[in-house]
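Welcome, and thank you for opening the viewer. Let's walk through a few places together, one selection at a time.

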Amino acid sequence: MYVLKYRQFISQATSFTTKLLRNRFGKGPQSVNIALNDQCIIFHLREFISPVENFLLSQEEEEAFRYTRELVMKSMLPELRAFLQEHLETEVTDMYYDWGTHNASGIIVGLLDAGWKDTLEYEGRDAIHAQISEVTRHVQKAPEMITSWWVNPKTLVVFRQGILILIEKELIHLGQGNLLKTAKRRLEKRMLMQAVELENTLGQRVADMYVDWSFDQDHSVIVYIFE
């Protein structure tokens, strides 16, 4: 019965999210893969880009592309959050998203109140935390708290709290949060890919990496998708 209910929910969530994205963006993703555990739910979107967005990227207008998506996502996330809370019967505490412009992919993450703070140990966890904390320290400051968990064998989530420095908080206060996110994504993604040796630590090759922040709460999520 549990497996049947799980499959029904995944089917409903896939259909709901695809329709929601299509209604908001004018084009839905080619596929939506959902990963779910006690800590979070992840929507991995593939081949998700409209002709207008493709044109923006071809003209090297990534900032305009991300700004447009930021506005649309802010309008649709409350509806998606409400759907998840109704069907999962738990609070969705945070929601994050990011886009892989190089391969028209994307990710939406919802943290579940049921237990994202209760995570299990796994081989290589301390080494990964140490490396990510060091990269974060170079970019801004070391996290006040860091944890991570596997959602499935190919998806690792890293959660950081307390990483913003005073100049970043002032930029957010001045309404420059979008610009700050653009700069942080470029810098952090580059440094995380260069400095965090996941292949050596976990024995798996990274296929995609996504990063997002909740500036209001000073939280951040990194999602690694492995081949």
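In which strand is valine 109 found? Select the residue and you are in β4, where strands are DSSP E runs of at least two residues, numbered from the N terminus. This is a predicted model, in which local features need pLDDT of at least 70, side-chain atom pairs count only at pLDDT 80 or more, and totals for chains, interfaces and linings use all residues. Residues are numbered from 1 along each chain as its sequence is written, and side-chain values use heavy atoms, leaving out hydrogens and water.

Stay on valine 109: its relative accessible area is 1%, so it counts as buried (under 20%, with a 1.4 Å probe and protein chains only). Beyond its neighbours within four places in sequence, its contacts (heavy atoms within 4.5 Å) include Cys40, Asp94 and Val223.

Next, select aspartate 218, in the loop between β7 (206-214) and β8 (219-226). What is the nearest side chain of opposite charge to this buried residue? Show lysine 169, 4.6 Å away; aspartate 218 has no salt bridge, which takes a side-chain nitrogen of Lys or Arg within 4 Å of a carboxyl oxygen of Asp or Glu.

Finally, display the backbone around aspartate 218. A polar atom of its side chain lies 3.1 Å from the backbone nitrogen of isoleucine 163, and its side chain reaches the backbone nitrogen of leucine 164 at 3.2 Å.

Definitions and conventions:
Helix = DSSP H or I, 4+ residues; strand = E, 2+ residues; numbered from the N terminus. Buried < 20%, exposed > 50% of the residue type's maximum accessible area, 1.4 Å probe, protein only. Lys, Arg positive; Asp, Glu negative; His and termini not counted. Polar contact = N/O pair within 3.5 Å; in protein donor to acceptor, adjacent residues only side chain to side chain.
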